[in-house]
Amino acid sequence: MTDIYVKNGFLLTMQGEGVGSIQDGAVAIEGNTIVAVGKTADLDKEYGGAEHVFDAKGKAVLPGFVDAHVHTSNTLIRGEGQDVPEIEWMLKTQAPFGPHHRPGDRLLGSALGVLEAVKSGTTCFGEIGGNMAPAAEKVFGPSGVRAHLANTINEIGPGSRPDPHKPYIFFSDIGERKLKESIEFIDEWEGAFDGRITTMFSPHAADMMSEELLLRVKQEANERGMMSHIHIAQGGREAIQINLRYGTTIVKHLDSIGFLDNTIIGAHCHQTSDEEVALLAKSGMRYVSCPASIAVIDGITPPLALYLASGGVSAGIGSDQASGNNHHNMLVEMKVAALLNKCRHTDPTVLPAWKMLRIATIEGAETIGLGDSIGSLEPGKKADLLLLNLKVPHMMPIITTPVPNVAPNIVYSARGDEVETVIIDGNIVVRDREVLTMDEEKVMEDAQKASTAITESAAEDFFKADSYLAKAVKKGLL
Ligand SMILES: [Zn+2]
């Protein structure tokens with residue numbers, strides 16, 4: 001018997017080249033798989049007797065969002081690192097908080113980030129971080145979401161970065177340990193939680209490890225038929241390091257050592273010339289752009305539209321982290337991505353709403369290597385989808401001719417609280433705006449307690465670092 005049947009909705013299936021709209025559409029789900037997509041009138045007879053029936057009249061039904069580059073573990077210091085010069089962001093606003101996180105705190109941050117994201121329609125997280133096993137076990141798995149995870153590998157230890165204008169000091173023993181742990185993580189977690197957890201490799205960034213280790217990580221990934229998710233050209237800090245070490249730019253360096261190809265998921269890529277973006281696109285590298293995060297941290301619009309116009313194979317977007325971007329909300333991210341890129345090119349035709357919706361769903365899934373199983377509503381795909389209420393003042397009226405306005409209204413007007421139902425892997429994870437798999441009050445309370453302890457304990461170090469933001473606080477401006 002059919003488990004879930006969604007009917008009478010305005011479907012955005014992502015089939016074909018655009019959003020693949022079907023008015024009065026229906027989706028049938030058996031187990032964790034979509035078995036039918038079509039007009040309600042055509043599907044009703046066969047699937048109408050499903051165990052759970054959702055009447056989606058006045059609602060949009062679309063694939064769940066793929067947040068292709070995210071660090072939910074940083075959510076506990078939301079709002080503590082904006083409005084500073086780029087060179088200060090990591091070293092003067094993030095680093096002071098790091099040592100004050102107690103064991104387990106980052107998991108509480110992750111839970112808060114996942115709670116926020118899933119309530120606004122994110123069903124898949126492309127997360128990389130220092131130690132993902134506890135997050136897979138305690139947050140991503142039990143919360144019912146899908147996650148494509150990797151342990152980051154670098155050779156950075158305490159004392160590695162005393163001066164941003166001198167080469168970082170690498171510790172090869174740290175690199176060896178992290179590579180070993182990364183492989184152990186993959187062996188243990190690939191396919192866990194009924195296949196909702198999948199894995200990849202993640203060399204952290206080319207300025208944080210030796211060239212030799214960087215190439216070894218890529219080789220380990222390629223030998224397993226896996227992908228490598230790496231930060232590339234992520235700002236002035238990295239540019240200084242690469243120039244000190246190799247006397248060139250990051251993109252030219254990675255190209256010259258044969259690192260770039262279609263097994264690489266490159267995040268950010270904003271410290272680049274137009275020619276370098278074209279080089280990245282032609283290399284086959286898949287691109288994840290984090291427009292809001294990079295706008296906040298670097299004051300730069302990352303080259304999402306330019307990468308695609310240069311022939312890039314596949315691009316997604318990511319929310320990155322709450323201590324820069326400030327949110328894990330893909331609806332907001334789509335709008336920011338579209339607006340910033342229109343401004344970068346002084347061209348309002350850049351990244352239209354239909355394209356942004358594809359980038360946040362099917363193309364984001366393809367970018368991180370999951371395009372065959374998620375990202376669109378079609379038979380055979382995993383059942384990851386959301387129902388979004390259109391009958392709220394800022395989404396009304398619903399117009400179907402001449403311009404069907406559901407896609408533009410989602411990209412330009414939705415803010416997250418329209419998402420009513422979220423189904424992931426055939427399970428109902430959010431119903432009537434309530435997350436069924438998490439104790440929402442407890443997640444927020446635990447995060448608040450941990451955040452208060454961290455920030456109070458780190459305050460002295462934060463002020464000692466004396467960032468632009470610390471000066472603003474001292475002046476009483478916040
Ligand atoms: Zn990142």
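Trainee: Is the crossing of α3 and α4 left-handed or right-handed?

Mentor: The two helices, α3 and α4, cross in a right-handed manner. A crossing is left-handed if the near helix is turned anticlockwise from the far one by less than a right angle, and right-handed if clockwise. Helices (H or I, at least four residues) and strands (E, at least two) are DSSP runs, numbered from the N terminus. Please note that this is a predicted model, in which local features need pLDDT of at least 70 and side-chain atom pairs count only at pLDDT 80 or more, while totals for chains, interfaces and linings use all residues. Residues are numbered from 1 along each chain as its sequence is written.

Trainee: At what angle do α3 and α4 pack?

Mentor: Two packed helices are described by the angle between their axes and the distance between the axes. Here α3 and α4 pack at about 25°, and their axes are 10 Å apart. This makes α3 roughly parallel to α4. Angles under 35 degrees count as roughly parallel, over 145 as roughly antiparallel, 65 to 115 as roughly perpendicular and the rest as oblique. Axes are lines fitted to C-alpha atoms, for helices over the stretch in contact, and angles run from 0 to 180 degrees between N-to-C directions.

Trainee: Which residues make the contact of α3 with α4?

Mentor: From α3 come L107, S110, A111, V114 and V118, and from α4 come P134, A135, K138, V139 and S143. Two residues are in contact if their C-beta atoms, placed from the backbone, lie within 7 Å. By class, this contact of α3 with α4 has 7 nonpolar, 2 polar and 1 charged residues. Ala, Val, Leu, Ile, Met, Phe, Trp, Tyr, Cys and Pro count as nonpolar, Asp, Glu, Lys and Arg as charged, and the others, Gly among them, as polar.

Trainee: How do the axes of α3 and α16 cross?

Mentor: Helix α3 (residues 105-119) and helix α16 (residues 440-465) have axes that come within 9 Å and cross at roughly 135°. The two helices are therefore oblique to each other. In this case α3 passes α16 in a left-handed crossing. On the α3 side the contact involves D105, L108, G109, A111, L112 and L115, and on the α16 side E440, V443, M444, D446, A447, A450 and I454. The classes represented in the contact of α3 with α16 are 9 nonpolar, 1 polar and 3 charged residues.

Trainee: Which residues of α4 are buried?

Mentor: An α-helix has 3.6 residues a turn, so residues three or four places apart point the same way. In helix α4 (residues 133-143), the buried residues are A135, A136, V139, F140 and S143. They cover an arc of only 130° around the axis, which puts them on the same side of α4. The arc is that of the directions from the helix axis to the C-beta atoms. A residue is buried if 20 or more other C-beta atoms lie within 10 Å of its own, exposed if 12 or fewer, and partly exposed in between, with C-beta atoms placed from the backbone. The cover over the buried residues of α4 includes α3, β7 (122-129), β8 (146-153), α5 (172-189) and β9 (197-199).

Trainee: Where do the buried residues of α9 lie around its axis?

Mentor: Helix α9 (residues 274-283) has E276, V277, L280 and A281 buried. Seen down the axis of α9, these fall within an arc of 145°, so they line one face of the helix. They pack against α8 (250-256), β12 (264-268), β13 (286-289) and α11 (304-309).

Trainee: What should I look for in the backbone angles?

Mentor: Most residues other than glycine have a negative phi, and most peptide bonds are trans. In this model, M14 has a positive phi near 70°, and this residue lies in the loop between β1 (4-12) and β2 (21-30). M14 is buried, with 24 other C-beta atoms within 10 Å. D83 also has a positive phi, near 65°, but counts as partly exposed, with 14 C-beta neighbours inside 10 Å.

Trainee: Which peptide bonds are cis?

Mentor: One of them runs from M396 to P397, with omega near -5°. Another joins T401 and P402, with omega about 5°. P397 is in the loop between β15 (385-389) and α15 (406-413).
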